[in-house]
There are 2 protein chains.
Amino acid sequence: MEPAYVELKERLAEVMDILKTRALLGWDQQVKMPPGGGPVRAEQLATLDRLAHERFTSPEIGRLLDRLEGFEASLPYESDEASLVRVVRQDWEKARRIPSDLRAEMSRASSLALPVWVEARQTSDYSLFRPHFEHNLELRRRYVECFDGYAEPYDALLDDFERGMTAAEVRAVFERLKEEQVPLVAAAASEGERPARDRHYPLEAQQRFELKVIERFGYDPQSWRLDPTVHPFANSVAIDDIRLTTRYHETNLDGLFATMHECGHGLYEHGVSRTLERTPLARGTSLGLHESQSRMWENLVGRSLPFWRFFYPQLQEHFPEALADVELDDWYRSVNWVQPSFIRVEADEATYNLHVILRFELEQELLVGDVSLDDLPGVWNERMLAYLGVEPPEDRVGVLQDMHWAGGHIGYFSTYALGNVISAQIWERVLEDIPDLYDQFEAGEFGALRTWLVEHLHRHGRKFTPKETLERVVGGPIDAGPYLRYLRDKLAVAA
Amino acid sequence: MEPAYVELKERLAEVMDILKTRALLGWDQQVKMPPGGGPVRAEQLATLDRLAHERFTSPEIGRLLDRLEGFEASLPYESDEASLVRVVRQDWEKARRIPSDLRAEMSRASSLALPVWVEARQTSDYSLFRPHFEHNLELRRRYVECFDGYAEPYDALLDDFERGMTAAEVRAVFERLKEEQVPLVAAAASEGERPARDRHYPLEAQQRFELKVIERFGYDPQSWRLDPTVHPFANSVAIDDIRLTTRYHETNLDGLFATMHECGHGLYEHGVSRTLERTPLARGTSLGLHESQSRMWENLVGRSLPFWRFFYPQLQEHFPEALADVELDDWYRSVNWVQPSFIRVEADEATYNLHVILRFELEQELLVGDVSLDDLPGVWNERMLAYLGVEPPEDRVGVLQDMHWAGGHIGYFSTYALGNVISAQIWERVLEDIPDLYDQFEAGEFGALRTWLVEHLHRHGRKFTPKETLERVVGGPIDAGPYLRYLRDKLAVAA
């Protein structure tokens with residue numbers, strides 16, 4: 001093997017060790033760390049960020065990339081080797097524009113903001129959170145200034161999550177969604193009383209049941225963990241060290257859907273080719289593609305009728321008191337209930353995108369100063385009324401509900417709705433290739449779906465851009481059509 | 001403040017962030033990591049070790065230390081600043097003799113050996129573990145060769161755990177212990193049937209009870225965690241992020257004593273002055289001093305009669321079935337039972353040091369080649385017979401019982417017995433200063449003891465060498481006398 005390539009891989013492996021360690025620090029911070037550890041943890045995270053950034057942006061890596069131009073050109077575009085050189089060159093050219101100090105300050109600021117956000121949300125006190133958000137926003141503006149060549153400030157942020165996508169492209173997709181989903185929601189909102197609400201679902205039985213589900217999806221204790229947390233997320237410390245987190249409420253089974261969602265993320269990370277381990281290609285190619293996987297397992301699988309035909313009898317066994325008088329059809333109606341509400345993570349499939357579009361618009365307006373932080377809670381509430389027909393009575397269930405802005409993640413939300421859109425595009429292809437897919441679900445079999453996804457999507461990791469990846473998987477660009485078709489079909493059935 | 005000192009502190013803070021992150025990786029590896037994560041974790045640990053070592057041994061730190069000679073001399077010896085410069089200079093001069101490659105290889109080898117040791121112990125298959133131990137030993141020999149000025153190879157290894165102490169000094173203490181403890185054990189072994197054996201102690205009640213105990217010692221969920229693991233240990237990710245681990249058996253309460261033991265370690269780390277956070281002084285000064293704290297809380301507190309006068313009624317409430325017919329005196333006899341046995345971590349106070357002395361001798365003999373790895377299991381068993389009068393029937397309860405050699409920790413065991421010795425020296429001083437100490441225990445009060453330990457020992461962290469620290473706390477050098485006095489008194493009472 002080309003010596004410069006061997007050296008590049010060694011240097012990248014070191015950077016990845018630091019970044020994966022950082023991922024574990026973040027997981028621990030949210031799942032296991034005693035609160036007293038917070039201030040020092042913020043320093044530890046900032047130090048690892050700085051180290052990874054310094055090592056990655058070193059001139060040595062640049063020289064190796066230069067030396068590998070011929071090597072790259074001599075190999076097929078889709079080979080691991082050519083892909084690594086190509087993607088790392090893009091990453092390197094982007095990353096070296098960010099001063100290490102700014103990177104460390106962004107990390108430190110978000111670590112310090114997170115506990116404040118937790119308290120602000122608990123007490124519904126926006127004024128507590130506001131200065132931290134302001135600092136995060138200011139840091140993002142400085143981040144945007146490190147680049148030229150982006151048409152809009154938002155583009156520079158979005159590119160971190162969705163390489164090569166622009167605000168304009170997202171806007172085109174979202175305008176079509178908004179246009180069709182706002183009236184669809186108004187027309188489709190379920191009527192009457194939602195079945196099986198406010199029952200008692202003991203936590204221990206929830207944990208047992210959801211493990212039964214995700215073990216059929218591919219969860220395996222040999223390489224996975226599942227822990228409770230405040231805000232569910234999935235994390236990969238290695239291809240064979242996947243961490244899912246979820247949360248439980250005794251009065252509903254929302255936690256089950258959160259768990260299926262995070263399992264979808266985990267399957268993507270776990271499905272990456274082992275040949276890419278300890279390289280920057282060993283993860284999902286973008287947050288949009290990632291979200292397509294989590295939303296697929298949560299919704300297209302986990303809210304489908306065939307899925308529940310198989311699992312509902314087991315669910316009743318786990319919750320005999322709560323579900324004795326609930327028929328399968330009622331249960332299916334319940335988990336597909338359409339009801340505009342305040343909280344994004346609890347939103348149904350029909351309203352979810354509207355929550356995201358609201359955030360996408362506000363982030364752009366905040367970045368360029370069209371909306372001020374003083375006005376933000378009010379604008380949030382006005383727009384909730386316009387898009388969803390409901391107005392949050394307090395900021396706890398309004399502008400303070402998500403952790404993203406505390407964590408400094410601006411430009412991130414849009415990928416959730418892109419994920420929904422992409423999930424339906426992929427689903428149409430899956431159904432073409434596996435015509436008896438729903439029969440398999442009814443038999444409790446999900447292996448063919450998982451294998452299809454590994455083969456067509458997961459194993460490639462970050463070798464291709466989101467656009468290239470989507471082109472490979474579905475044969476075309478992003479398109480809101482399949483999702484809107486899926487939604488209209490589903491609402492017609494469930495209504 | 002002196003600019004060179006500020007820069008030194010910043011550089012050291014970065015190194016400490018890496019090392020504390022490494023501590024978390026190690027904790028996670030043993031407590032939370034899915035087994036599949038093992039191979040990549042080994043790489044991550046090796047990378048962090050190498051990074052910390054490179055950063056710490058950089059010429060810049062050497063130049064800063066040179067520039068700070070006058071600054072150091074201008075300040076009191078016991079000031080934080082002079083202590084930091086003094087101790088870091090010693091550390092730096094030692095550390096820069098170790099090539100980064102050797103450091104990384106030591107780390108990687110131990111990560112790879114640990115799961116093999118787990119399997120070897122389970123199957124009692126020494127041949128599985130032998131090549132890994134051989135590699136670890138070879139790496140330690142190469143480590144020893146990095147130094148000159150040590151009288152014996154063991155000295156170089158011991159110095160990492162007990163700065164400034166020599167094998168000859170340990171030998172002098174251990175010879176006295178062996179001389180007195182071997183006949184003492186033979187004479188004092190308890191007779192009849194041990195009370196309260198083989199009862200059923202439900203795990204959940206054990207967890208509840210031990211939290212009640214250690215919360216009175218100083219455990220606080222704001223800054224501490226307690227988790228189950230295979231081999232109990234304590235870890236500090238920050239002064240306010242202390243991780244204890246323990247293990248539970250349904251047939252006995254050994255886990256309670258393990259928890260009190262680890263809590264003693266945690267209190268030392270948690271008691272370090274906050275002014276030392278993120279410096280290399282923010283931990284216990286040596287493993288011997290550390291073990292003096294864990295053994296003190298486990299034995300001098302946790303196996304004392306006044307402690308049980310307070311806690312035994314609560315213990316009975318937690319285990320009404322197991323302990324209904326057991327009187328306090330019987331319980332006290334049970335937890336102080338003297339009985340030579342195979343397993344060090346389950347050994348009573350009277351026999352414990354003999355387990356350690358055996359390992360201390362074998363390590364020296366292995367290092368210089370007087371005992372071969374082929375002969376090791378046999379020699380182990382022979383010596384068990386000579387010192388303790390019992391011979392392990394299989395390696396699982398013999399040479400394979402401890403994880404230390406898998407982790408590459410050679411020179412470590414002796415600090416356990418040194419800790420016992422030191423604990424009794426400190427205890428005599430505590431009793432002088434707090435004459436009603438045992439009355440306080442009977443009232444469930446342990447705050448005065450904890451405060452005394454913070455004031456006299458914990459807060460100094462690593463500012464002073466183990467010898468200086470001991471001199472400050474007890475007014476003299478290490479001395480086996482108090483421990484032998486304590487043991488003879490206790491055995492006379494308990495017999």
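## A walk through chains A and B

Start by selecting B:Thr279, which sits in the loop between α11 and α12 of chain B (helices are DSSP runs of H or I with at least four residues, strands are runs of E with at least two, and both are numbered from the N terminus). B:Thr279 has 4% relative accessibility, so it counts as buried (buried means under 20% relative accessible area, exposed over 50% and partly exposed in between, with a 1.4 Å probe and protein chains only). Show its surroundings: setting aside neighbours within four places in sequence, B:Thr279 is in contact with B:Lys9, B:Met16 and B:Leu84 (contact means heavy atoms within 4.5 Å).

Before moving on, note that this is a predicted model, where local features need pLDDT of at least 70 and side-chain atom pairs count only at pLDDT 80 or more, while totals for chains, interfaces and linings use all residues. Residues are numbered from 1 along each chain as its sequence is written, chains are lettered from A and ligands numbered from 1 in the order in which they are written, and side-chain values use heavy atoms, leaving out hydrogens and water.

Now pick B:Arg278, in the loop between α11 (254–270) and α12 (287–301) of chain B. Its phi is near 65°, a positive value in a residue other than glycine. B:Arg278 is partly exposed, at 22% relative accessibility.

Next, go to B:Asp198, in the loop between α9 (167–188) and α10 (203–217) of chain B. Here phi is near 55°, again positive in a residue other than glycine. B:Asp198 is exposed, with a relative accessible area of 64%.

Switch to chain A and select α10, residues 203–217. Its 15 residues reach 21 Å from first C-alpha to last, close to the 21 Å expected at 1.5 Å a residue (the expected span is 1.5 Å times one less than the number of residues). Which residues of α10(A) are buried? Colour A:Ala205, A:Gln206, A:Phe209, A:Glu210, A:Val213, A:Ile214 and A:Phe217. They cover an arc of only 155° around the axis, which puts them on the same side of α10(A) (the arc is that of the directions from the helix axis to the C-beta atoms). Their cover includes β1 (224–228), β3 (241–246) and α20 (447–456) of chain A. Just after α10(A), A:Gly218 takes a positive phi of about 140°.

Last stop: α2 (residues 38–56) and α6 (residues 100–123) of chain A, which pack at about 155° with axes 8 Å apart (axes are lines fitted to C-alpha atoms, for helices over the stretch in contact, and angles run from 0 to 180 degrees between N-to-C directions). Residues making the contact include A:Ala42 and A:Leu45 of α2(A) and A:Ala104 and A:Leu112 of α6(A).
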